[in-house]
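Me: Please take a close look at one helix of this protein and at what surrounds it. Then set that part against the rest of the chain.

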Amino acid sequence: MGQVIRRLQEVGIRPQDFLGIPITDYARWDDRSITTAPEMNTIDRFPDLADLPPEISLEVLSHLDATDLCLASCVWSHLANDEFLWQGLCRSCWGSVTIYNRTRQDDFSFKQLFMLLDEASLTFNSDPFAGINYLTSKNILDDKPLEIAKFLHTTKRLWPSKKLEFVQKRPDVLERLVQLQNFQNQFLPNALRKFFKEVSAPRERGDTLTFMIENFSQRFCACNPKLGLSKDAVFVLCFSLIMLSVDLCSPHVKNKMSKREFIKNTCQAVSELSRDLAGHMYDNIYLAGHVAPKDFSNS
């Protein structure tokens with residue numbers, strides 16, 4: 001803290017104007033002791049960021065989103081266009097893009113990259129294949145299953161329903177996308193719910209759902225080797241949980257399955273499943289809701 005105050009003094013800014021507290025003894029202002037008056041002064045104005053040390057100005061601007069940072073560039077162009085700020089925004093919104101690991105040219109701009117990635121995300125949420133093609137055509141993303149899966153997994157702005165639309169025709173990407181998930185020490189219904197939150201579940205049972213559950217079961221067992229359940233057992237349990245979710249959560253089903261019925265049927269289908277664990281799964285669906293909730297992100 002003392003170093004910050006000394007830098008403020010070097011550029012002619014009084015600490016009491018910036019912090020709103022009067023300092024009675026500057027010599028004693030260090031990282032260990034502060035001498036202040038009991039009253040708090042009112043800050044007359046917010047200090048001009050151009051008058052502050054660069055590290056302080058950049059720290060202030062780092063808390064802005066892209067829109068506010070563009071507005072700030074109208075006043076503090078040399079600060080708000082700093083590559084460090086735009087690199088942070090890019091990585092916070094798009095965690096993994098191939099271009100991050102490439103040798104970049106001298107005229108490369110993270111601000112320009114942000115605009116391209118933002119355009120690609122908007123395009124993806126309209127037409128997922130057009131969005132991916134946009135990135136590959138700009139040499140931002142390699143057209144490889146693992147690279148695309150990383151992009152889908154780390155990008156917060158993509159709709160789960162559009163991810164499903166894409167992976168339905170790209171099972172190679174879906175397979176690698178599942179491998180990127182971490183289900184360690186997670187309860188099976190919660191892990192399944194987490195998975196379908198990232199990629200929407202198909203509305204009807206078919207080859208896509210079966211393929212998704214097969215890969216999910218394999219990954220779940222790999223993350224929890226001490227669970228004592230085989231891949232086939234997890235596969236059966238996943239479909240049991242999906243059917244139970246429909247039964248308990250659908251208003252059209254009048255006669256709901258009881259906990260006793262679920263335990264009996266599930267333990268008969270999966271011999272290694274304990275009755276207590278089956279009961280906990282029923283309680284989870286009853287209290288937490290559907291394992292594959294409807295995606296409202298694009299409604």
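Reply: The buried residues of helix H13 are Leu209, Met212, Ile213, Asn215, Phe216, Ser217, Arg219, Phe220, Cys221 and Cys223. Buried stands for a relative accessible area under 20%, exposed for over 50%, and partly exposed for values in between, with a 1.4 Å probe and protein chains only. An α-helix has 3.6 residues a turn, so residues three or four places apart point the same way.

The model is predicted: local features need pLDDT of at least 70, side-chain atom pairs count only at pLDDT 80 or more, and totals for chains, interfaces and linings use all residues. Residues are numbered from 1 along each chain as its sequence is written, and side-chain values use heavy atoms, with hydrogens and water left out.

H13 covers residues 207–223. Its 17 residues should span 24 Å at 1.5 Å a residue, and the end C-alpha atoms are 24 Å apart, which agrees. The expected span is 1.5 Å times one less than the number of residues. Helices here are DSSP runs of H or I with at least four residues, strands are runs of E with at least two, and both are numbered from the N terminus.

The cover over the buried residues of H13 includes H10, H11, helix H12 (188–198) and helix H14 (231–249). Contact means heavy atoms within 4.5 Å. Two of the buried residues of H13, Phe216 and Phe220, also belong to one aromatic cluster with Phe183, Phe195 and Phe196. For such pairs, ring centres of Phe, Tyr or Trp (its six-membered ring) lie within 6.5 Å; planes under 30 degrees apart are stacked, over 60 edge-to-face, and the rest tilted.

The structure holds 12 aromatic pairs. One of them is Trp94 with Phe114, edge-to-face, at 5.1 Å centre to centre and 75° between the planes. Trp94 is in the loop between H6 and H7 and Phe114 is in helix H7, so the pair links distant parts of the chain, 20 residues apart. Trp94 and Phe114 are both buried. In a tilted pair, the rings of Phe129 and Phe166 have centres 4.8 Å apart and planes at 40°. Phe129 lies in helix H8 and Phe166 in helix H10, so this pair ties together parts that are 37 residues apart in sequence. Phe166 counts as buried at 1% relative accessibility, whereas Phe129 is partly exposed at 25%.

The side chains of Asp143 and Arg170 meet in a salt bridge, at 3.9 Å from N to O. A salt bridge is a side-chain nitrogen of Lys or Arg within 4 Å of a carboxyl oxygen of Asp or Glu. Asp143 sits in the loop between H8 and H9, and Arg170 in the loop between helix H10 (160–167) and helix H11 (171–179), 27 residues apart. Asp143 counts as exposed, at 54% relative accessibility. Salt bridges that share partners join Asp143, Arg170 and Asp172 into one network.

The whole structure has six salt bridges. Among them, Arg102 pairs with Asp142, with the closest N and O atoms 2.3 Å apart. Arg102 is in the loop between helix H6 (83–93) and helix H7 (110–124), and Asp142 in the loop between helix H8 (128–137) and helix H9 (145–154), 40 residues apart. Arg102 is partly exposed, at 29% relative accessibility. Another salt bridge joins Lys259 and Asp283 at 3.0 Å, N to O. Lys259 belongs to helix H15 (residues 259–269) and Asp283 to helix H16 (residues 275–288), 24 residues apart. Both count as partly exposed, Lys259 with 34% and Asp283 with 27%.

Most residues other than glycine have a negative phi. Asn185, in the loop between H11 and H12, has a positive phi near 60° and is exposed at 70% relative accessibility. Asn139, in the loop between H8 and H9, has a positive phi of about 60° and is partly exposed at 49%.

As for the protein as a whole, its secondary structure comes to 16 helices and zero strands. Of its 299 residues, 42% count as buried. Among contacts between residues at least 6 apart in sequence, 58% join residues at least 24 apart.
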